[in-house]
Amino acid sequence: MPAVLRVALPVPLPTLFDYLPPATGEAVAGSRVLVPFGKGKKAVGVVVEAGVESAVGNARLKRVLRVLDDAPLLDAELMATLARAADYWLGAPGEAYANALPLALREDRPLPDLHEEAWALTAAGRSALDAGSRRGGSRALLEALARGAQTADLLHEMLPGWRDAARRLDEAGLIERTRAHTAEPAPVTAAPALSDEQRQAVEVIGEGLGRFQPFLLDGVTGSGKTEVYLALIEKVIAQGKQALLLVPEIGLAPQTVRRLRERLGVAVQVLHSNLAEGDRARAWLRARSGEAKVILGTRSAIFTPLPQAGLIVVDEEHDSAYKQQEGFRYHARDLAILRGRALDVPVVLGSATPSLESLANVQAGRYRALHLRARPGAIRPPQVQIVDMRAQRLEHGLSPALLAAVGDTVVRGEQALVFRNRRGYAPVLLCYSCGWHAECPRCEHPMTLHAGRRALVCHHCDYTTRMPGQCPSCFSPELKPQGQGTERLEEALTVHFPDVPVLRIDRETTRRRDAFEQLLEGLHEDRPAILIGTQMLAKGHDLPNLTLVAIVGVDEGLHSVDFRASERLAQLVVQVAGRAGRAKKPGRVLLQTHHPEHPLLRQLLAQGYGPSAATLLEERRSVQLPPFGHQVLLRADAHQREHVDAFLADAAHALGGAPLQLAGPMPAPMPLRAGRHRGQLLIEAETRSALHSALRPWYPSLSTLPSARRVRWSLDVDPIDLY
Ligand code: ADP
Ligand code: ZN
Ligand code: ZN
């Protein structure tokens with residue numbers, strides 16, 4: 001038996017691959033290698049084990065072409081955690097390792113230069129600036145560099161989207177790259193005197209630095225959770241250690257980076273998918289070298305190497321953005337716990353609306369809960385009020401009470417947010433003569449009318465057609481939009497309040513990179529305005545003059561078939577409501593509904609999130625749904641329904657007599673999408689170990705089923721939605 005290297009390759013297969021050691025050089029676990037793979041192709045893989053015996057004969061093995069790293073790129077802790085994660089999420093190991101590496105490090109190229117990328121004006125650049133010959137983004141960049149060389153990180157913060165300008169100016173010889181180390185730590189702002197609750201949280205967590213313990217920091221929006229993180233990160237830096245802070249969305253990053261940098265006076269490494277690949281790799285490598293003390297990032301930043309780990313913080317831990325929904329379907333919050341254990345550091349999960357999973361972990365004694373109940377920055381919590389929509393004359397779905405409240409707000413010179421989690425003009429276009437409605441031919445689902453683009457768009461597959469002028473079925477001109485999306489609300493509010501700026505923030509209006517930040521920056525803090533927005537506006541960016549939040553159209557969430565819908569609705573309502581009255585002015589929240597008597601809404605209003613979540617958790621317990629039962633979802637899709645059915649039937653059969661509950665094979669809740677038939681098999685068990693011990697051998701066997709070749713399939717451990 002030859003001694004071989006066992007290598008993870010970025011392919012969606014449940015196996016590692018054996019290779020003979022390279023002719024020269026030595027590869028150790030955690031280093032990258034270039035190997036022959038497939039017909040005449042090469043791939044970069046990560047050595048998982050070195051010097052192991054292969055069951056395959058020498059003759060059939062290929063040799064590693066080249067070792068890319070002398071020392072392991074992924075350290076022992078990351079390697080072990082990744083192996084555990086691939087095992088837990090039943091992922092292809094190669095995809096797990098690929099997720100851990102920034103794209104630029106998955107290629108056969110030298111490691112990027114660790115030095116910070118910085119830019120400076122050339123002499124020609126200075127003349128151009130003095131001559132005033134450039135406009136727009138180019139001018140802004142020239143002006144920024146007139147004060148001295150700046151690092152890419154700082155430029156990204158000051159001038160989102162600066163790279164295009166940099167490319168133009170570089171080509172024109174007006175600016176140049178410099179290696180001068182110019183990052184001046186920004187002035188350090190003083191921390192506010194912490195409240196008793198904050199101080200206690202910092203003390204309790206601070207005492208535990210140096211050992212693993214998960215904490216749930218449960219504090220309403222504006223209660224000062226970020227101040228607690230800052231105080232802890234200060235302690236960690238003082239010990240010479242590293243802190244990793246995860247946020248759910250890129251939109252939240254710039255403001256938080258600024259706050260961290262201003263307070264801590266250290267460089268903050270940022271890692272998220274909107275960064276240029278080189279920058280991302282550099283930030284990752286700086287963390288690996290220990291040079292980076294504070295790392296802030298979105299989901300995939302949980303894979304950052306932390307050789308001197310001191311603390312991991314997951315902010316807004318309930319956010320579903322932490323779950324990866326394709327490829328390697330890990331959950332960054334749960335992975336944070338795995339890493340915290342491996343690194344022996346505390347993990348702080350913060351939220352105003354903790355997930356039921358984390359609350360159950362607190363109940364079970366696995367996580368320690370800390371509460372922040374007061375809001376130091378605000379006068380008092382917002383008042384929440386239900387608007388009963390029944391028997392009201394609505395104007396484009398808006399009730400007179402809601403319009404009056406918006407009117408009062410803008411008259412006072414304040415800002416109002418109308419929250420509607422549906423973009424487009426109207427979700428349905430209906431013929432009043434014959435009942436026809438526009439439907440996506442590839443999904444058999446209603447298409448959304450986008451009036452501005454004069455188009456019908458399928459929100460499931462993006463299939464787009466022109467808006468018809470008459471009914472295609474009976475040729476009647478009586479086509480009427482049904483229901484309201486953000487675009488329609490924007491129109492209605494613009495007509496109703498012609499003198500007030502109306503700003504719509506959704507995926508349509510924020511397509512461009514950094515558009516979100518720029519839109520909000522255009523908002524005058526001291527002027528009245530009306531914002532209309534989707535989920536994107538539920539968090540991030542402080543809006544100090546926002547005093548009214550009106551929530552419309554949450555009723556869908558009250559009647560969904562998804563058992564997580566009520567948890568999500570409660571979180572959304574509380575999060576959106578928390579945007580009102582963050583600063584010195586009191587806030588007000590209106591919740592417009594057809595179901596004012598609904599128990600969840602009643603309890604939310606009367607008692608708040610905590611007791612409502614406790615009720616939801618008891619409901620889950622009584623029916624053994626997660627987090628009390630455990631689920632794995634096998635999904636499959638194909639152009640032909642028979643192929644889906646055959647594969648799922650074979651997969652169910654292959655489970656044999658394992659003591660599991662199966663639901664299905666059955667069609668997915670959306671049985672057709674983008675022309676593909678979809679089906680699923682839901683596998684449940686009372687204990688995690690029962691589930692995993694049955695599925696561990698089953699998962700690799702799936703890809704060997706002949707029927708698997710005719711479908712696309714995936715496994716989702718702890719799925720967060722059943723679509
Ligand atoms: P959260 O992260 O819980 O939403 P933040 O930490 O952002 O809350 O705090 C909300 C606001 O209150 C911020 O403007 C912050 O500066 C302020 N704040 C937080 N803690 C204190 C404190 N102890 N004293 C005064 N202001 C505080
Ligand atoms: Zn018709
Ligand atoms: Zn479609």
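Glu116, Glu117, Ala152, Asp153, Gln269, Asp279, Arg282, Ala283 and Arg286 line the second largest cavity. The elements giving two or more residues to that lining are helix 5 (152-158) and helix 10. The model is predicted. The structure holds 2 cavities of 30 Å³ or more.

**Second largest cavity**

- The volume of the second largest cavity is about 70 Å³.
- Helix 10 gives the most to this lining, with 4 residues.
- By class, the lining of the second largest cavity divides into 2 nonpolar, 1 polar and 6 charged residues.
- Domain 2 (117-179) and domain 3 (196-372) each supply at least three residues of the lining of the second largest cavity.

**Largest cavity**

- The largest cavity has a volume of about 80 Å³.
- Its lining counts 14 residues, and the closest to the centre are Asn99, Pro102, Arg280, Trp284 and Ser300.
- Helix 2 (93-100) and helix 10 (277-289) each contribute at least two residues to the lining of the largest cavity.
- By class, the lining of the largest cavity has 8 nonpolar, 4 polar and 2 charged residues.
- Domain 1 (3-106) and domain 3 (196-372) each give at least three residues to the lining of the largest cavity.

**Zinc ion (ligand 2)**

- Cys431 (SG), Cys434 (SG), Cys471 (SG) and Cys474 (SG) coordinate the zinc ion (ligand 2) at 2.2 to 2.4 Å.
- The arrangement around the zinc ion (ligand 2) is tetrahedral because the 4 donor atoms subtend angles of 107 to 113 degrees.
- Ideal angles for four tetrahedral donors at a metal are 109.5 degrees.
- Along the chain, the donors of the zinc ion (ligand 2) follow the spacing C-x2-C-x36-C-x2-C.
- Cys431 lies in strand 18 (residues 428-431), and Cys474 lies in the loop between strand 21 (464-466) and strand 22 (479-482), so the pair ties together parts that are 43 residues apart in sequence.
- Cys431 is buried, with a relative accessible area of 1%.
- Cys474 counts as partly exposed, at 31% relative accessibility.

**Zinc ion (ligand 3)**

- The protein donors of the zinc ion (ligand 3) are Cys440 (SG), Cys443 (SG), Cys458 (SG) and Cys461 (SG), lying 2.3 Å from the ion.
- The 4 donor atoms around the zinc ion (ligand 3) subtend angles of 107 to 112 degrees, so the arrangement is tetrahedral.
- The spacing of the donors of the zinc ion (ligand 3) along the chain is C-x2-C-x14-C-x2-C.
- Cys458 counts as buried, at 0% relative accessibility.
- Cys461 is also buried, with a relative accessible area of 16%.

**Domains**

- The protein chain is divided into domain 1 (3-106), domain 2 (117-179), domain 3 (196-372), domain 4 (383-424 + 485-622), domain 5 (428-482) and domain 6 (630-717).
- Domain 4 is given in two segments, 383-424 and 485-622.
- The C-alpha centres of domain 2 and domain 5 lie 48 Å apart.

**Cis peptide bonds**

- The peptide bond from Pro626 to Pro627 is cis, with omega near 10 degrees.
- Pro627 sits in the loop between helix 18 (609-622) and strand 27 (630-638).
- Gly664 and Pro665 are joined by a cis peptide bond, with omega about 5 degrees.
- Pro665 belongs to strand 28 (residues 661-673).

- Leu90 is not a glycine, yet has a positive phi of about 45 degrees.
- Leu90 lies in the loop between helix 1 (76-88) and helix 2.
- Leu90 is buried, because its relative accessible area is 5% and the cut-off for buried is under 20%.
- His396, a residue other than glycine, has a positive phi near 50 degrees.
- His396 is found in the loop between strand 16 (383-388) and helix 13 (400-411).
- His396 counts as partly exposed, at 29% relative accessibility.

Conventions
Residues are numbered from 1 along each chain as its sequence is written. Chains are lettered from A and ligands numbered from 1 in the order in which they are written. This is a predicted model: local features need pLDDT of at least 70, side-chain atom pairs count only at pLDDT 80 or more; totals for chains, interfaces and linings use all residues. Side-chain values use heavy atoms; hydrogens and water are left out. Donors are N, O and S atoms within 2.8 Å of the metal (3.2 Å for Na, K and Ca); water is not among the atoms, so sites may look incomplete. Four donors count as tetrahedral if all angles lie between 85 and 135 degrees; four count as square planar and six as octahedral if opposite donors are over 155 degrees apart and all others between 65 and 115; anything else is irregular. Buried means under 20% relative accessible area, exposed over 50%, partly exposed in between (1.4 Å probe, protein chains only). On a 1 Å grid over the protein atoms alone, a cavity is a set of points where a 1.4 Å probe fits but cannot get out, and a pocket is an open set with protein on both sides within 12 Å along at least five of seven lines; lining residues have an atom within 4 Å of a point. Grid points are joined across faces, edges and corners, and a volume is the space filled by probe spheres set on the points. Ala, Val, Leu, Ile, Met, Phe, Trp, Tyr, Cys and Pro count as nonpolar, Asp, Glu, Lys and Arg as charged, and the others, Gly among them, as polar. Domain bounds come from an automatic or database domain assignment.
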